[in-house]
Amino acid sequence: MQQKSKLFFQALRYSIPHLGKCMQKQHLNHCNFADHYYNRIKLKKYHLTKCLQNKPRISELARNIPSRSFSYKDFLPVKQENEKSLSENMDAFEKVRAKLETQPQEEYEIINAEIKHGGFVYYQEGCCLVRSKDEEADNDNYEVLFNLEELKLEQPFIDCIRVAPDEKYVAAKVRTEDSEASTCIVVKLSDQPVMEASFPNVSSFEWVKDEEDEDVLFYTFQRNLRCHDVYRATFGDNKRNERFYTEKDPSFFVFLYLTKDSRFLTMNIMNKTTSEVWLIDGLSPWDPPVLIQKRIHGVLYYVEHRDDELYILTNVGEPTEFKLMRTAADTPAIMNWDLFFTMKRNTKVVDLDMFKDHCVLFLKHSNLLYVNVIGLADDSVRSLKDGRSVPMTIFHKTDSEDLQKKPLLVHVYGAYGMDLKMNFRPERRVLVDDGWILAYCHVRGGGELGLQWHADGRLTKKLNGLADLEACIKTLHGQGFSQPSLTTLTAFSAGGVLVGALCNSNPELLRAVTLEAPFLDVLNTMMDTTLPLTLEELEEWGNPSSDEKHKNYIKSYCPYQNIKPQHYPSIHITAYENDERVPLKGIVNYTEKLREAVAEHAKDTGEGYQAPNIILDIQPGGNHVIEDSHKKITAQIKFLYEELGLDSTSVFENLKKYLKF
């Protein structure tokens, strides 16, 4: 789509308190209701000035909200000087640092789903769903609501919790580590809590309350990784469970999101580049929902609500539209997506201007000082054809001497417009303790620098991400961070595309690689429309079945297609037996072909050549990526230390502080 094309963005024009009032309780007919509300819609004209970005689904973890989520508070005008904002942010940062200084290492933990509602905190304790009074949340004084062992699942854990508005019910989504399938349980809260119902294969779910104070649970049903159906259910004496909506387009999925003030439930119908939002009245959930804007290819938007006003976050808007806007009740606020994320970052810890060169943030824990350097891989990257600078984040101990002789672990993802994950992991902490340098390369294809950053690394621009990764590693070496013989690279899922491509094009930059559930056979996967995610991901990788240009371009970088007899770094691959997202067949085929190429190169090279180790570790289960797998963590660390010839004794001793072996 050309940038100069003009689009019409339809904005709701109605009084929110009187939204969608109908007497009859009925199912949603996807086509009929839009016309009923068109007399309330006012047209507004905008230019499409930014390419599109895949917005990750809103996280269902109540406590760990990702950096891409937003609140209505972010949309309100704020009069605050930069100096004051920076000072307050740094004060907050100092408080975090002070807390870390007094906290023993052993007390770090990965927090599961937890939610606060009313005067209680709901969370998982052992194998039970429990709640405790807010002021007693850190004590052992809690009420057991449900024992997960009743589900007869292998090591179940709670992935998400939602509490009904008046706390008559609580719903929790339960999973296991070896499967993506989820079961939603509904527990009636009383003197003797009891499980009222359970629903299989639930993805997103939210509570609302109708005019008769009856709790209504809306949830999406997932089949073959696709969420196309929305159901609504009630419990107690008036128990029912009925399908509310079905999406017919296989390239779209549906997820539910309750606005921050709980006033509206939004039904978001999306693919990678286009969205459509329907509003369900949180006070009248049996009324027909209202369509905000029919899906238009290339228009992606989200809806929030506050004080009878809608706020719309969208990728449509003029580039000069950089101020947060608050409008009257008859018109939603519109804001350019790129500028929103830029401004949101401007409120965090440091001023945005400081990112022009580099920013050093200090995080002290125990007697060690860690440095997060947010810098730019300037020298090498600017030699590329488009002169782009690629940000990197680097962690190492400040008392490290001669960084050129330290081992380096590089992380990369670069797909779907998603930020590279840099969350706390025990294994990352112990590597830094043991003298490693950790580098995170925020290459094109990810979402760190907005919509255009993603657009510049997808479809027929995927090679930009590869060029960025290569430039980042060369820049690290050039600035004195490690050397090729001590450099390792890690990625999971779609990040495997760039890692596999780099191993084919510049294997001399690396000594060893670890991959988890990697996407390595792009061409054959995207040509197989029987796989659950192929149609949904055409906007990211292209359609090689119908577009020869896409087919040839994918061939040019696909890791599997470009294996050749040459020296490769040693590679450790963790795969999962029943992974539906990245089929095991493609990983096995890649491993076999790579081993054949390595053997052929060793034969041609002659005696004395030390061939790399190519290891495929197939784990049981049907999950995609298991972050907390102790077996996987120890296997990967053991592999890295052996390949670099390092002593792993101390690192495993430190790891025991965090992991129970």
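Predicted model: local features only at pLDDT ≥ 70, side-chain atom pairs only at ≥ 80, totals over all residues.
Angles run from 0 to 180 degrees between N-to-C directions of axes fitted to C-alpha atoms.

Residues are numbered from 1 along each chain, and side-chain values use heavy atoms, without hydrogens and water.

The protein chain has 14 helices and 30 strands (DSSP runs of H or I with at least four residues, and of E with at least two). Of its 661 residues, 54% count as buried (under 20% relative accessible area, with a 1.4 Å probe).

Helix 7 and helix 8 pack at about 65 degrees, their axes 10 Å apart, and are therefore roughly perpendicular. The table shows who meets whom (contact means heavy atoms within 4.5 Å).

| Helix | Range | Residues in the contact |
|---|---|---|
| Helix 7 | residues 462-478 | Lys462, Gly465, Leu466, Leu469, Glu470, Ile473 |
| Helix 8 | residues 495-505 | Leu498, Ala501, Leu502, Ser505 |

Six of these contact residues are nonpolar, two polar and two charged (Ala, Val, Leu, Ile, Met, Phe, Trp, Tyr, Cys and Pro are nonpolar, Asp, Glu, Lys and Arg charged, the others polar).

Further along, helix 13 covers residues 630-644. Its buried residues include Ile633, Ile637, Leu640 and Leu644. Just after helix 13, Gly645 has a positive phi of about 70 degrees.

Definitions and conventions:
Parallel < 35°, antiparallel > 145°, perpendicular 65-115°, else oblique. Expected span 1.5 Å × (residues − 1). Buried < 20%, exposed > 50% of the residue type's maximum accessible area, 1.4 Å probe, protein only.
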